[in-house]
Amino acid sequence: MPYVLIQVTKEGVTTAQKQQLIRGATDLLVNVLDKDPATTFVVIDEVETDNWGVAGESVSVIRQKYLQSLDQ
């Protein structure tokens, strides 16, 4: 019973894209590990950009700095 957790930042991921992720992850487990798709679970967790960080800063701050650099 495979369980796949996909975490993405909460912004702009469409329902169609989520369906593609679910289908793709399921197909990968079927093709590589011969798993039964009926018992393969895929969960998409959307995380607020304030709650996702890299290099000591939240994604919100990083993106804000990036947008400011484009204005200069």
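The exercises below, each with a worked solution, concern one predicted model of a protein chain.

Residues are numbered from 1 along each chain as its sequence is written. Because the model is predicted, local features need pLDDT of at least 70 and side-chain atom pairs count only at pLDDT 80 or more, while totals for chains, interfaces and linings use all residues, and side-chain values use heavy atoms, with hydrogens and water left out.

**Exercise 1. Work out which elements the chain contains and in what order they run.**

Begin with the rule for naming elements, in which helices (H or I, at least four residues) and strands (E, at least two) are DSSP runs numbered from the N terminus. Under this rule the chain has two helices and four strands. Read from the N terminus, their order is β-α-β-β-β-α.

**Exercise 2. Compare the radius of gyration of the chain with that of a compact globule.**

The radius is taken over C-alpha atoms, and the globule rule is 2.2 Å times the number of residues to the power 0.38. For 72 residues, a compact globule would come near 11 Å, whereas the chain has 16 Å. As a further step, consider the box that the C-alpha atoms fill along the principal axes, which is roughly 50 × 25 × 20 Å. Finally, turn to burial, where buried means under 20% relative accessible area, exposed means over 50%, and partly exposed lies in between (1.4 Å probe, protein chains only); buried residues make up 19% of the 72 residues.

**Exercise 3. Locate Pro2 and explain why it counts as buried.**

Pro2 lies in the segment before β1 (3–9). Its relative accessible area is 14%, and therefore Pro2 is buried. Contact means heavy atoms within 4.5 Å, and, leaving aside neighbours within four places in sequence, Pro2 is in contact with Leu29, Lys35, Thr39, Thr40 and Phe41. An unreviewed UniProt entry carries the annotation "active site" at Pro2; such annotations may be inferred rather than shown by experiment.

**Exercise 4. Describe the surroundings of Thr9 and Thr49.**

Start with Thr9, which is found in strand β1 and counts as buried because its relative accessibility is 15%. Not counting residues up to four places away in sequence, Thr9 touches Val47, Thr49, Trp52 and Arg63. Continue with Thr49, which sits in the loop between β2 (41–47) and β3 (53–54), and which is buried because its relative accessibility is 16%. With neighbours within four places in sequence again left aside, the contacts of Thr49 are Thr9, Glu11, Ser58, Val59, Ser60 and Arg63.
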